[in-house]
Amino acid sequence: VAEVVKRRIDALNAEVLAVVTRGDIEGDVVPQLLRRLFTTFSDEGHARVSAFLALEGSRNPSIDGVLPLMRALHAMRMLRGVKADQEDSEFLVLLTTFALFGEAVAGPLFRAEDPHAPDAAARERFLARLARLVQAQLEPNVSAAPAPAAGATRRARSGTATSSRARRRDP
């Protein structure tokens, strides 16, 4: 089992490393890459196998494949002017992995959904939010704040809740 997992992780790491090395993170690249990784964790069962190996006390069979990804991501961030140390880049990879893993294993459970019919829209919103958060860490000028929903209520600076329509000012 560990050898199968190692080959699969190595292939995923190579795919992500190729994107990071090219610096090709514009447009929908990050969301598409995260969806691809999520599919591997979820639909292809990688998260469950990884959970089994972790609970069994196994060591990561592909840590050597993750380290080049972490270093390449850090180098790309530096070239893009992101002020971060190496550990911050490593944690970005780990946090993203943990989020995808957690959503694959327990997303429906934590959202109190039917495990046999998870809410695809909620999952998509989660992945979209994660993509925005990751993108913000790759480009210092991108906001990680979620896009407000139409007509959503937001807290104004004064501390009172106002709708987006009420905040608009006519000239």
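Axes here are lines fitted to C-alpha atoms, for helices over the stretch in contact, and angles run from 0 to 180 degrees between N-to-C directions. The structure is a predicted model, in which local features need pLDDT of at least 70 and side-chain atom pairs count only at pLDDT 80 or more, while totals for chains, interfaces and linings use all residues. Residues are numbered from 1 along each chain as its sequence is written, and side-chain values use heavy atoms, with hydrogens and water left out.

In their contact (heavy atoms within 4.5 Å), Ala47, Arg48, Ser50 and Ala51 of H3 meet Phe101, Ala104 and Val105 of H5. By class, this contact of H3 with H5 has 5 nonpolar, 1 polar and 1 charged residues, where Ala, Val, Leu, Ile, Met, Phe, Trp, Tyr, Cys and Pro count as nonpolar, Asp, Glu, Lys and Arg as charged, and the others, Gly among them, as polar.

H5 also packs against H2: the axes of H2 and H5 come within 9 Å and cross at roughly 50 degrees. On the H2 side, Leu34, Leu37, Phe38 and Phe41 meet Thr96, Thr97, Leu100, Phe101, Glu103 and Ala104 of H5, and the residues of this contact divide into 7 nonpolar, 2 polar and 1 charged.

Pockets come next; a pocket is an open set of points on a 1 Å grid over the protein atoms alone, where a 1.4 Å probe fits, with protein on both sides within 12 Å along at least five of seven lines, and its lining residues have an atom within 4 Å of a point. By class, the lining of the largest pocket holds 30 nonpolar, 7 polar and 1 charged residues.

The second largest pocket has a volume of about 210 Å³. Of the 13 residues that line this second largest pocket, Arg48, Ala104, Pro108, Pro115 and Arg123 are the closest to its centre. Here too H5 gives the most to the lining, with 5 residues.

Conventions. Points joined across faces, edges and corners; volume = space filled by probe spheres on them. Helix = DSSP H or I, 4+ residues; strand = E, 2+ residues; numbered from the N terminus.
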